[in-house]
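Here is a friendly briefing for anyone meeting this structure for the first time. Take a look at the model below, then read on topic by topic.

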Amino acid sequence: MNAAKSGGRMVARRHGGAVPCRGAASAVPSTTPATPQHISQYLAHNPRVTWEALSASFPAAAAAAPDGHVDAVLLSLARNPSSSSSAETIAKNAHSFFHWSAVNSSSPHSLRSYCLLVHLLSRAALIRHASVLLQSAITRHSSSPISHFLDAFFAAYEDSGTAATTRGLHLLVHAYADLRLPEDAIEACRYLARRGVTPSLSAFNAALHAAQRTSRFRVAWEVFELMTLKRVYANQATVELVIGVLSREGALARTAALVGRIHGKKCSPGVVAHVALALWIFEEGRTDQGILLLRRMLQRNMVFDGIAYSLIVHAYCDIGELKSAHEQWDDMVRRGCHPNAFVYTCLIGAHCRREGGVSEAIQLLQEMLSKKLKPYGATYSHLITGCFRQERAEEGSEYFDKMLHEGLVPDIGTCSEILEALCRAGEVSKANELVTAMIDKGIVPGQDTYCRLIDGYSKVGDAQGVVKIYYEMEHRGLTRCTEVFTCLIRGLCQCGNPKEAEKFLSVMERKSLVPTSDMHDTLISSYCEKGNTKRAVRLYDTMITRKEKLIPSADTFMTLVRRVIKVKTNCSPDT
């Protein structure tokens, strides 16, 4: 005590004792009671508090602090800001007390203590200290549900009284983003929005950045959608992040081209970003929400009128609501927006998907051409698939030839639709021609494309064509999975050539692939149909004696039994 009065400072010993040492004087005598009220007053009225001064002033608190002691001190500081000290001074003193008490206590600080101190530091704009502490708290409590942490953090904000600021709440989103936890960052944004606190633009951008750099693209779109719904409008940094997401998804060129096709010329990145958001919502099957968001974008001049109305028509066409699509089309024209190739293509596609709607689609094409609008790949794709689907093969073939003549080859997804329609109609030569055009345009066909061709050749009974496609797949390294051989064996058996199909069982084994029960069922049934009962029975014996224990289906087994009985009956002598 004499040392404290004479200006000496007390240095805490390891076991709680203190020795006098020269330095800054303790502000209060060591006999000061260690109640939360006294400690908070001490912290609020001292210009700078050190660990040594705290140990000298509150030796009892250093020895053992009851549960909730630190919480009570921090809550008192949060609720009762001092008029004689700045918020920064109080926050720094509270920060020192927090770490001092952690060293001198046998139990760790509660989550509430962390949350209260973060809000104190945030109120004083000590962002770096608050961020480090908040990230530490998140890491320490990572095993608990995020809802538990969010509830505790918001309760600490509410309990801090009128002196609290929302800065700490925004900082929470930043903390999750810095820890590369984008799912938790968006959950924090949603939680704050439900509580009536809209996250700041910088908080949304931080969550968006975390989602982008961790390749959580779905989360990125969810963040962008939420901030737009909450009327937190994108700045240049937001747009750059969204464009980055589009680029990494491989959709940037396609989206920019679509926007340019609608508007007639190149648009700014901001327009492309917001169009991409609307398209993503439509792809999620949330048509009404996407249209509502587009109308809001239109009010804020984020997109042009023609683009907004074109996308609304596109949305209604996708869900088959042709009446609503045509109403939006009429409204678009009344407002002075010029029809464009994209809108016509959407309507053509919707009519082609409707039973008996190809005639209307062809009329729309003629109207489109009369307005000097040029059809593109998707326009012809809708017409080709529609014509072949509705058994108008001659017209479908004409549009197919016209598409290739104009040098148009759609994307791989659209090509697959056309291939399926062509193969179903038995137009396998045209399907093969389309694949050749795809390769010439640099589009690499995948396994599904070639399997569709195999199905097409099987339908017309061309076993040689089936085998030719297999060897092309082999050349491209696409024969390393069981599904390919299932398609191949099924196709050859459909062509009536089970002997050729059986050879590929040996090919599979050389590739370390295991033949399946379905393959054997197909071969046995095909041999029975060809009248080769002996080979069917031998294949059945091979099947059930394999180490994989393959079991034939009930239908296959009964087919084989009936065939064996028939053969034995025919071979029996007349009685």
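The buried residues of helix α29 pack against α27 (463–475), α28 (482–494), α30 (517–530) and α31 (533–545). This is a predicted model, where local features need pLDDT of at least 70 and side-chain atom pairs count only at pLDDT 80 or more, while totals for chains, interfaces and linings use all residues. Residues are numbered from 1 along each chain as its sequence is written, and side-chain values use heavy atoms, leaving out hydrogens and water.

**Helix α29**
- Helix α29 covers residues 498–510, and its buried residues are Pro 498, Ala 501, Glu 502, Phe 504, Leu 505, Val 507 and Met 508.
- Buried means under 20% relative accessible area, exposed over 50%, and partly exposed in between (1.4 Å probe, protein chains only).
- Helices (H or I, at least four residues) and strands (E, at least two) are DSSP runs, numbered from the N terminus.

**Helix α24**
- The 13 residues of helix α24 (residues 412–424) should span 18 Å at 1.5 Å a residue, and the end C-alpha atoms are 18 Å apart, which agrees; the expected span is 1.5 Å times one less than the number of residues.
- Among the buried residues of α24 are Thr 414, Ile 418, Leu 422 and Cys 423.
- The cover over the buried residues of α24 includes α22 (377–389), α23 (393–405), α25 (428–440) and α26 (447–459).
- Gly 426 follows α24 and has a positive phi, near 80°.

**Cysteines**
- The structure holds zero disulfides, a disulfide being a pair of cysteine sulfur atoms within 2.5 Å.
- Cys 387 is in no disulfide either, and the nearest cysteine sulfur, in Cys 352, is 6.5 Å away.
- Both residues are buried: Cys 346 has a relative accessible area of 10%, and Cys 387 has 0%.

**Aromatic rings**
- A search of the whole structure finds 12 aromatic pairs; rings of Phe, Tyr and Trp (its six-membered ring) pair if their centres lie within 6.5 Å, with planes under 30 degrees apart counted as stacked, over 60 as edge-to-face and the rest as tilted.
- The rings of Phe 98 and Tyr 114 are edge-to-face because their planes are at 75°, with centres 5.1 Å apart.
- This pair links distant parts of the chain, with Phe 98 in helix α6 (residues 87–104) and Tyr 114 in helix α7 (residues 111–123).
- Trp 221 and Phe 224 form a tilted pair, 6.5 Å centre to centre with 45° between the planes, and both lie in helix α13 (residues 217–229).
- One aromatic cluster is formed by Tyr 470, Tyr 471, Phe 485 and Phe 504.

**Around Pro 182**
- Pro 182 is in helix α11 (residues 182–194) and is buried, with a relative accessible area of 0%.
- Leaving aside neighbours within four places in sequence, the contacts of Pro 182 (heavy atoms within 4.5 Å) include Ala 207, Thr 214 and Val 219.

**Confidence**
- The protein averages a pLDDT of 86, and 90% of the residues score at least 70; pLDDT is the predictor's confidence in each residue, from 0 to 100.
- Over residues 1–31, pLDDT stays under 50.
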